Amino acid sequence: MTAPLARVCLVLALASTLLACASPEKARSYAREVRKAHAKADRAKTADQRLAAAQQLGVMFDRPPQGPRSTTSALRQDLADRAARLHLDLGEPERALEWVEKGREVDPSPSVLQANLLITEADSLIALGERDRARQALLHAVEINQALLNVELENP
Amino acid sequence: MIDDDVVEPAPTDAEREELERAGSLLSSAAHFELSPAAFARGRAELDQLLLRKESKHQERRFRFRVLWPLPAALAAALLVGLAVRSKAGPPPPLGPELATAQNHFLTAELTGAPVARKDLDRATRRYRKDLLASLEAPR
């Protein structure tokens, strides 16, 4: 009974090793694509260009990430935040809020990118005239920010 | 039909010597033959020896069959652990510069002071650059 189990383990190990060996090149390629999407957003001046840039950021957000999970989660949150910002600039705060939500769902743990998303959420809510909720979002961002700065002070 | 009249010639000296040697062999044969009891005892000992050897061999085979998956599974677990660890990778940079820019931005936003959005955008861009660089760095 243990022999088939060992065989399964060996196959899994082999597959994992192959994946681990293949991942650095895939991660580099993923990083290049993310960089391209941000470059497009940097160049976007007109409404059409901004919309196209937001769509490109969205495509990269949905693409299966390659590389260490903690880093790719941060990158995806940043992609969502930037897409939300572009929609906000285009006068689409509801769409912006959708992207904020998507970004926050990637990794709910406190981070500088969670705080950025909360700031974008607050700006979107202000655009929708919901000042109280906007303030709550900002206060939540302050909480996260304070916690991160405390960690930074304790472990410089 | 045996002809009684035919007289066998007397054996030659050489033949007699040969016959005597055979006779002496026959008379001593009993000394070399095992009694049935001794034969049975010997057979039982032999069987026991053979059985012990077989059971030892079987035990070794059983032990190998049972134990070989353990080191294999251990090695597999180790490899999977390494692969998972490489997938998890090092934590992303904390982004102290971005945290500081956020702090200034949030303080300004909540106190009504002039908001420096550009500083926050610049710090976010630098943090993004660090994240992408860490992903592109050889591991």
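Analyst: Axes here are lines fitted to C-alpha atoms, for helices over the stretch in contact, with angles running from 0 to 180 degrees between N-to-C directions. Helices are DSSP runs of H or I with at least four residues, strands are E runs of at least two, and both are numbered from the N terminus. This is a predicted model, so local features need pLDDT of at least 70 and side-chain atom pairs count only at pLDDT 80 or more, while totals for chains, interfaces and linings use all residues. Residues are numbered from 1 along each chain as its sequence is written, and chains are lettered from A and ligands numbered from 1 in the order in which they are written.

Now the pairing in chain A. Helix α2 (residues 47-62) and helix α3 (residues 69-89) of chain A have axes that come within 9 Å and cross at roughly 160°.

Who does the touching? On the α2(A) side, the contact includes Ala53(A), Ala54(A), Leu57(A) and Phe61(A), and on the α3(A) side Leu79(A), Ala80(A), Ala83(A) and Leu86(A) are among the residues involved. "In contact" is C-beta atoms, placed from the backbone, within 7 Å. By class, this contact has nine nonpolar, two polar and four charged residues. Nonpolar covers Ala, Val, Leu, Ile, Met, Phe, Trp, Tyr, Cys and Pro, charged is Asp, Glu, Lys and Arg, and the others, Gly among them, are polar.

Let's zoom in on Leu79(A), which lies in α3(A). Leu79(A) is buried, because 29 other C-beta atoms lie within 10 Å (buried takes 20 or more, exposed 12 or fewer, partly exposed in between, with C-beta atoms placed from the backbone). Its C-alpha atom is separated by 5.7 Å from that of Leu57(A), 22 residues apart along the chain. Setting aside neighbours within four places in sequence, Leu79(A) is in contact with Val34(A), Ala37(A), Leu57(A), Met60(A) and Phe61(A).

For a look across at chain B, its elements run α-α-α-α-α from the N terminus. There, α4(B) (residues 96-111) and α5(B) (residues 117-136) have axes that come within 9 Å and cross at roughly 160°, and this crossing is left-handed.

Key:
Contact = placed C-beta atoms within 7 Å. Left-handed = near helix turned anticlockwise from the far one by under 90°.
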